[in-house]
Amino acid sequence: MSWKNIAKQSERMKKTNIRELFENNPQRPTQFSSQAVDLFFDFSKHIIDDESLKALQAFAKERELCEGISKMFSGQKINVTENRSVLHTALRKPKSESLIVDGQDVVADVHAVLARMRDFSVALRNGSITGANGQVIKHVVNIGIGGSDLGPVMAFEALKHYVTKDLDFHFVSNVDGADIHEVLIKIDPASTLFIVASKTFTTSETMTNANTAKTWLADNLGTSFDPNNHFVALSTNAKLVSKFGITEDRTFGFWDWVGGRFSLESAIGLSTMIAIGPEAFDEMLSGFHSMDEYFAKTDIENNVVVTMALLTIWYRNFFDAQSHAVLPYENYLKRFPAYLQQLLMESNGKSVTVDGEKVEYQTSPIYWGEPGTNGQHSFHQMLHQGTALVPVDFLFGAKPVTEIGNHHTLLLANVLAQSSVLAFGKTAEEIAAEGTKPELVEHKVMPGNRPSTVIIYPKLTASVLGQLVALYEHITLVQGILWNVGSFDQWGVELGKVVAGSITPALENGDTTSLDPATASLVTKIRNY
């Protein structure tokens with residue numbers, strides 16, 4: 001019933017536009033704005049009013065959203081296809097709290113690992129941990145892929161103003177040999193630490209790069225090479241870690257209730273902790289937790305997380321929006337859109353419900369974005385005058401991390417202008433009144449009525465980063481509940497890995513009999529080069 005009501009409301013709202021909504025209600029900026037911890041949200045420039053928003057909220061209640069949220073926080077096994085709890089929120093709970101799941105206090109387990117991470121980070125940062133021949137570690141290389149890379153590299157870039165200048169940090173993820181080659185030519189073997197991030201220690205790309213690094217070290221260090229002096233493992237597979245040559249004290253584990261794309265605050269964040277220091281890492285955890293508390297304790301009608309997720313439903317399912325842009329006007333957040341691509345699309349890019357039924361509606365839009373103002377000189381033309389409706393999230397700090405001349409004032413002017421022009425545009429009459437040649441008027445028309453959310457934070461800190469990541473994590477959960485899809489598995493990733501495993505021998509020996517005709521033809525073509 002609620003879905004039909006939303007459809008009815010969307011047809012009504014399609015007959016108006018954002019300009020008219022403001023003309024009829026100049027108080028929209030006050031009425032459709034809210035605060036969540038340190039983040040301010042302006043929803044006023046959306047194609048929505050009280051009646052349509054209430055219809056969306058009624059749908060959320062009909063889908064038993066509050067119960068779904070409670071199930072996650074309490075540790076129920078909401079990852080039904082893998083029979084697992086989903087407890088990334090436990091990774092940032094204070095040490096004074098507890099959460100018992102299957103008879104185990106997972107918060108105590110988390111803090112035991114965090115304590116070891118802190119000790120290791122402090123020792124590495126103060127020079128106590130050394131490589132071959134007692135040389136102090138100067139280079140840290142994180143080897144991972146997916147969440148084991150996207151999270152750490154995003155956080156490193158976002159919090160670069162916290163990063164120690166005594167160490168150089170590098171990130172390797174791609175199995176393309178060029179990725180690790182470009183790192184190896186910049187670093188010194190005797191003073192390098194590799195962090196190998198793989199829960200199973202079998203991830204093809206990660207282990208290929210790790211073994212390449214191991215061979216490189218052995219070739220360069222000779223008899224002085226000991227893997228344990230130059231590697232750390234972030235894994236739960238103690239047997240394979242040991243076989244690689246890494247001892248237990250250099251291994252940091254985590255749990256099956258931590259999905260890769262939700263793992264930044266676990267041992268996967270070791271490179272982040274080393275880079276920014278344990279105190280700043282704790283500040284980030286505190287930011288995560290504050291958003292968790294807000295989300296869990298705020299009712300549906302006033303919950304910005306729920307509102308953002310409902311707006312995704314609104315545009316994706318009723319306005320045929322195929323994509324969603326996240327545009328941080330904060331250069332430090334340049335990797336944030338890439339991080340969100342995995343978080344949201346790997347989670348909710350599903351065509352089957354949690355009950356195994358085929359969905360009859362659209363699920364995750366395509367998430368994409370680049371930092372402003374760079375995007376203004378590439379794809380913003382399409383946002384303003386293209387044929388596709390693309391909802392936008394603008395993120396920026398009221399204050400800059402570093403004050404340099406009038407740079408930040410110009411940055412703020414640009415982001416506010418983009419949001420304004422997307423919403424209100426410029427009519428043919430307004431353009432003609434400016435004396436524009438008649439034949440150019442239509443070319444200069446800005447249709448407007450392009451929705452955007454403006455998210456403002458005081459300044460980009462470790463706490464604010466935690467809040468931003470937690471915000472989109474919880475949007476992911478709410479979307480999944482509303483679409484009735486399993487947000488916490490990723491079976492679509494697995495088949496490609498299996499097939500790649502069968503193609504590798506064919507590329508090496510030319511036997512294509514087990515391959516489909518198209519792939520067999522391509523393998524033959526490649527081998528003939």
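How exposed is Lys334, in terms of relative accessible area? Lys334 is partly exposed, at 37%; here buried means under 20% relative accessible area, exposed over 50%, and partly exposed in between, with a 1.4 Å probe and protein chains only. A few notes on this and related points follow.

1. First, the ground rules. This is a predicted model, in which local features need pLDDT of at least 70 and side-chain atom pairs count only at pLDDT 80 or more, while totals for chains, interfaces and linings use all residues. Residues are numbered from 1 along each chain as its sequence is written, and side-chain values use heavy atoms, leaving out hydrogens and water.

2. Lys334 has a partner: its salt bridge with Glu157 has closest N and O atoms 3.8 Å apart. (A salt bridge is a side-chain nitrogen of Lys or Arg within 4 Å of a carboxyl oxygen of Asp or Glu.) Glu157 sits in helix α7 (residues 147-158) and Lys334 in the loop between β10 (323-328) and α15 (336-348), so the pair ties together parts 177 residues apart in sequence. Helices (H or I, at least four residues) and strands (E, at least two) are DSSP runs, numbered from the N terminus. Glu157 itself is buried, at 13% relative accessibility.

3. The count comes to 19 salt bridges. Among them is Arg12 with Asp49, at 2.9 Å between the closest N and O atoms. Arg12 belongs to helix α1 (residues 2-13) and Asp49 to the loop between β2 (39-42) and α4 (50-62), so this pair links parts that are 37 residues apart in sequence. Arg12 is partly exposed at 32%, whereas Asp49 is buried at 15%.

4. Lys426 is partly exposed, with 31% relative accessibility.

5. Glu330 is buried but has no salt bridge, and the nearest side chain of opposite charge, Lys459, is 10.0 Å away; Lys and Arg count as positive and Asp and Glu as negative, with His and the chain ends not counted. Leaving aside residues up to four places away in sequence, Glu330 touches Pro371, Leu395, Gly397, Val401, Tyr457 and Leu460, where contact means heavy atoms within 4.5 Å.

6. Finally, helix α14 (residues 304-318): 15 of its 15 residues are buried, so the helix is largely enclosed by the rest of the structure. Just after α14, Asp320 takes a positive phi of about 60°.

How values were computed. Expected span 1.5 Å × (residues − 1).
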